[in-house]
Amino acid sequence: MRGSPLSPRRMGRLGRVGAVKLDLPNESEASTEIVFTGGGQYRVLDQGDVDAVGQAAPTDFYEMLGVDISANKTNLKKAYRGILKYCHPDKAGAEATEFCTLVNVAYDILTNDVQRKVYDVDLEQYRETQGDSFDGQAKSAWGTNCNTTETRAVFVDELSCIGCRMCNNLAGDTFGMEDLWGRARVKTQWGNNEEEISDAIDSCPVDCIYWVQRKQLPLLEYIMGLCNRITVASMMNGRAAPDSPFSRAEYFLKQRKEAKWGPADGSMLHNERLSNAIAKAWLQLPAEIRQDLWPQYAELQGDTN
């Protein structure tokens with residue numbers, strides 16, 4: 001295993017979500033830590049934020065009520081009453097207040113035919129723009145060349161990758177090449193042994209491969225799929241990547257953590273603010289209530305040591 005530390009990368013400051021520009025933090029100002037080790041560089045998000053708001057959660061009125069988008073009023077009423085029975089602040093505690101407020105709004109909107117039509121159109125447009133919600137699952141498979149308590153994973157910042165294939169050549173059972181942009185991507189965590197993976201990391205000429213915490217891998221891989229990209233040719237001509245997966249992950253966590261919503265925000269309009277407010281309010285509920293009433297999200301958390 002080679003021990004030379006790698007030099008930090010330079011990455012772009014501006015990112016986009018849909019058509020909305022985001023003022024992402026400069027890499028030197030971001031809270032994400034970069035730690036240099038004998039086997040590469042380690043990148044760490046704030047685990048407290050990841051645990052608090054970086055998990056799979058309902059993000060729209062239908063998901064928070066646990067019903068299909070075609071649910072009739074009878075099904076809506078049944079779901080609504082079942083949730084309030086367990087989530088009322090008198091029973092679940094003060095941390096359930098925000099969620100119950102949103103549940104009441106959701107029920108009022110979805111049982112009003114006119115308002116529901118407006119909301120459904122807006123939700124469909126939001127989903128088309130934003131894509132799938134974060135499901136808490138890693139996109140790369142988990143291999144066997146590690147012990148059962150391994151907490152590290154490997155992540156490629158595909159925006160900085162120049163497609164040289166060095167990592168793929170040195171640790172081909174771990175790294176592959178994605179087809180659309182020709183960038184490296186981890187296909188199987190620990191497909192190779194640690195020495196081979198470390199050699200592959202050290203071989204990267206642009207230092208775009210990191211060790212990350214296994215618990216943080218699903219969020220980073222999800223965020224990577226949202227990032228805007230430019231061609232390798234544009235990068236070689238000096239154009240900076242318009243996004244950073246680490247800065248965008250921090251932005252995702254910050255937006256959820258600080259999410260607030262009120263009637264003045266437009267109860268029938270589904271947007272990023274409402275989506276984050278629903279997720280935050282749901283994640284504040286006691287874990288046992290979330291697991292009992294929304295087992296599908298508990299299952300999505302997976303087994304990440």
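**Reading a predicted model: surface, strand and cores**

Tutor: The accessible surface of the protein is about 14900 Å², and 48% of it belongs to carbon and sulfur atoms. Accessible areas come from the Shrake-Rupley method with a 1.4 Å probe, and for residues only the protein chains shown count as cover. This is a predicted model, where local features need pLDDT of at least 70 and side-chain atom pairs count only at pLDDT 80 or more, while totals for chains, interfaces and linings use all residues. Residues are numbered from 1 along each chain as its sequence is written, and side-chain values use heavy atoms, with hydrogens and water left out.

Student: What percentage of the 305 residues count as buried?

Tutor: Buried means under 20% relative accessible area, exposed means over 50%, and partly exposed lies in between (1.4 Å probe, protein chains only). Here 48% of the 305 residues are buried. An exposed case is N169, with a relative accessible area of 58%; N169 lies in helix 7 (residues 166–170).

Student: How many helices and strands does the protein have?

Tutor: Helices (H or I, at least four residues) and strands (E, at least two) are DSSP runs, numbered from the N terminus. The protein has 14 helices and 10 strands.

Student: Why is strand 6 described as largely enclosed?

Tutor: Five of the five residues of strand 6 (residues 152–156) are buried, so the rest of the structure largely encloses this strand. R152, V154 and V156 point one way, A153 and F155 the other way, and all are buried.

Student: Which strand pairs with strand 6?

Tutor: Two strands pair if DSSP finds at least two bridges between them. Strand 6 pairs with strand 10 (residues 209–213) in the antiparallel sense, over five bridges. R152 has Q213 as its bridge partner in strand 10.

Student: What covers the buried residues of helix 5?

Tutor: Look for contacts, meaning heavy atoms within 4.5 Å. The cover of helix 5 includes helix 2 (61–65), helix 3 (73–87) and helix 12 (272–283). Among the buried residues of helix 5 are F99, L102 and V103.

Student: Which residues have the most contacts inside the largest nonpolar core?

Tutor: A nonpolar core is a set of buried Ala, Val, Leu, Ile, Met, Phe, Trp, Tyr and Cys residues joined through side-chain atoms within 4.5 Å. The largest has 60 residues, and F61, M64, L65, F99 and W294 have the most contacts inside it. Helix 5 gives the largest share of this core, nine residues. A second, separate core of 19 residues includes M177, I197, C208 and W211.
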